[in-house]
Amino acid sequence: MSKASHYRPEIDGLRAWAVLPVVLFHAGVPGFSGGFVGVDIFFVISGFLITQIIYSEMVRGDFSIVRFYERRIRRIMPALSAVLLAATLVAVILMPPRELMNYGKSLAATVFFGSNLWFWRTTGGYFSPDATGHPLLHTWSLAVEEQFYIFFPLLLMLCVRLAPKRVRLIAILVVIASFAYSLWRLNDSAIWHLEHAREVFYLPIGRVWELGLGSLLALGVVPAVREQLRVPLGMIALALLTLPVFLYSGATPFPGLAALPPCLGAALVIYLGERGPTRIFTWRPFVLVGLISYSLYLWHWPLIVLLHGIRGGAPLPMTWSIGAVSASVILAWASWRFIERPFRQPASISRQTLFIGSGVTVAALLVLALGLWGLQGLPQRYTPTQLAVLGAQTDINERRAECAMREAGQFCRIGAAGVEPSFLLWGDSHSDSAQPGFQLAAERTGSNGYVSSRWGCPPLVGIEQSALGCTSANQATLSWLRTHPEITVVFLVGRWPLYESGRLKDGAIQPRPTFIANAVNSEGDGQSPLFRIAMTQTVKALSAMGKRVVILGDVPEIGWSAPLQLSALQRFGAPLPPVPTTVDVAARDARSSAVIKQLGVEFVAVYPRICPSECLVMDEKGIPIYSDGDHITATASRTIYPPLIEPLLSSNRSADQVRR
């Protein structure tokens, strides 16, 4: 074990190797799709350095918990406080009132190093659009580290006092337990559950093993390297650190097993030191970037979020990306030189001054967070027209909380009062968006029915689905239909082109596969054959019950947030991205529509109502008809769906009356 006082330049070089892929990935530079693994490298480094310092002090008998947290405050708080103020300015510039109020809550969570818990509970995941526009998203990793630093010194102190000969064994068991937990939650019956992935990504229990790898090195668990192994192990380390950066993407189930290569690579560099192939990390430019790596990590993300926001969330052009990276480096150097370095010197700033100043800073940030919430997100920043445009984000199904994600047998009713139900609207989040239009159509035709909408769950059976609970919920809905013969027509609404291809409108692979082939019904590769299986079995099951099956085509995906882009156009003059044409949408729908039409069921295309020649993204008043990039507003739903649905409901009602 190296002495804590011995400076190791290769560790600073490894920090550069960690931070640069993260920055380039966030800036959208092509080729760095797996750059997010840099955070895992940081975890290994942090685990090693912290354990090395506190364990050596504990063995000598001069460890002080107060001195430990003083070092943490000197290292973390000054630069973080400056960035939190800058991020708040970015939020005030970009965020609509409702989002700014939530930002205030996230700011409070960040001050208490709980932002990982905030993003775990309030977003769809690290790669989801509702998270990637948040100026404080990157602070989740700081929260994980600080939570580790709260409990780890206490655990180590307890072990040194009560079981000094078993410290290494206990550390090994903790690492194994955390890694096993990560694997278990990610790989549950071979289904990548999004909820589990969020949990493992953000919570410290699934990350402890990464910091623990560094701790094992500091505790001397691994014997000294044999000289003849130094070169091959060094080459392996470089490969483990490099390949994930270029081979991984947001579709990679992570962390879990996929986090092992970069973490092992980082551990090997620390283990081998600056001799052999790992000597590359002592290269002066790497070391210099490593010195400013903390500030670079802090500053780059709010800057990138600002640039994205000015463009309405659209991808950055390469010139903007390069400018963002360059500006981040300049800000990081200034932050390191004028904020980090002075505060790390006890001679410059005493412990008492540091603690009092930190307390005042925390209090001020909490007052700021409370103010953003109490002032209702500062709506006066926007003109009435701009507020109307942004209001499309909240123009959603008014009964979403009541009707979505309900269990079979507890479905909510829509339509005319005093009428027996005769139909079921069954689908994913796009059926939730369609519900206001169905409600109006049912009222006009004197019809009544049920709604079964589950976000991220295609209304299909016969295949396992990746999102937690979808497979069982769909089977329950099917069983419920068998016991309700009064339901004579079933409307299926879903994001069919995505489920058939596995690709979003912009060509990107969706973050997780929708369908998982089971042992009985697996065939071919990709989602297309699985979609055909699921659609066929669903239609057969419904037809066998005597149900009339009507499948509605999907609304066009425009690939960008209409409210944010139109707001950016008004506020910053940012041009709108290209709008899909009728030809584009028809081409994207062609394969999924062909599968549906081959089954001989009624199919109603929706896109002609939205795309007369090119797809409409706003009405004649300039108000978006989409609440994001693929869900239509409640107002648009009441315009688009009734003309399509009313003839079907009227004919179904007439048929029911004849049967009675």
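Visitor: In which helix do Arg 74 and Glu 70 lie, and how many residues apart are they?

Guide: Both lie in helix H3. Four residues separate them, about one turn of the helix. Note that this is a predicted model.

Visitor: What makes Arg 74 and Glu 70 a salt bridge?

Guide: The closest N and O atoms of Arg 74 and Glu 70 are 3.0 Å apart. The cut-off is 4 Å, between a side-chain nitrogen of Lys or Arg and a carboxyl oxygen of Asp or Glu. The pair therefore counts as a salt bridge.

Visitor: Why is Arg 74 called buried?

Guide: Its relative accessible area is 5%. Buried means under 20%, so Arg 74 qualifies. Glu 70, with 9%, is buried as well.

Visitor: Why is Arg 71 called partly exposed?

Guide: Arg 71 has 29% relative accessibility.

Visitor: Which side chain does Arg 71 meet in a salt bridge?

Guide: That of Glu 57, at 3.3 Å from N to O. This pair links distant parts of the chain: Arg 71 is in helix H3, Glu 57 in helix H2 (residues 38-60), 14 residues apart. Glu 57 is buried, at 8%.

Visitor: How do you know that Arg 75 and Glu 340 form a salt bridge?

Guide: Their side chains meet at 3.2 Å, N to O. The limit is 4 Å, so the pair counts. Here too, distant parts of the chain are linked: Arg 75 sits in helix H3, Glu 340 in helix H15 (residues 318-343), 265 residues apart. Arg 75 is partly exposed at 22%, whereas Glu 340 is buried at 1%.

Visitor: What joins Arg 495, Glu 557, Arg 588 and Asp 630 into one network?

Guide: Salt bridges that share partners. A search of the whole structure finds 26 salt bridges.

Visitor: Is Arg 72 buried or exposed?

Guide: Arg 72 is buried, because 12% falls under the 20% cut-off. This residue of helix H3 (residues 65-94) touches Ile 50, Met 77, Glu 145, Glu 146 and Tyr 149, leaving aside residues up to four places away in sequence.

Visitor: What makes Cys 403 and Cys 412 a disulfide?

Guide: Their sulfur atoms are 2.0 Å apart. The cut-off is 2.5 Å, so the pair is a disulfide. Both cysteines are buried.

Visitor: Why is the disulfide of Cys 403 and Cys 412 called right-handed?

Guide: Because the torsion about its S-S bond is about 125°. The bond of Cys 611 and Cys 615 has a torsion of about 90°, so that disulfide is right-handed too. Its sulfur atoms are 2.1 Å apart.

Visitor: Which hand has the link of Cys 457 and Cys 470?

Guide: Left-handed, with -65° about the S-S bond. Cys 457 is in the loop between strand S3 (448-453) and strand S4 (464-465), and Cys 470 is in helix H20 (residues 470-482). The structure holds three disulfides, in the pattern 1-2, 3-4, 5-6.

Visitor: Why is Phe 572 called partly exposed?

Guide: Because its relative accessible area is 34%, between the 20% and 50% cut-offs. Phe 572 lies in helix H23 (residues 562-572). With Leu 89 and Ile 93, Phe 572 makes a nonpolar surface patch of about 250 Å². Patch residues need over 30% relative accessible area, so 34% passes.

How values were computed:
Residues are numbered from 1 along each chain as its sequence is written. This is a predicted model: local features need pLDDT of at least 70, side-chain atom pairs count only at pLDDT 80 or more; totals for chains, interfaces and linings use all residues. Side-chain values use heavy atoms; hydrogens and water are left out. Patches are made of residues with over 30% relative accessible area and no salt bridge: like charges are joined within 9 Å, nonpolar side chains (Val, Leu, Ile, Met, Phe, Trp, Tyr) within 5 Å. Accessible areas come from the Shrake-Rupley method with a 1.4 Å probe; for residues, only the protein chains shown count as cover. Helices (H or I, at least four residues) and strands (E, at least two) are DSSP runs, numbered from the N terminus. Buried means under 20% relative accessible area, exposed over 50%, partly exposed in between (1.4 Å probe, protein chains only). Contact means heavy atoms within 4.5 Å.
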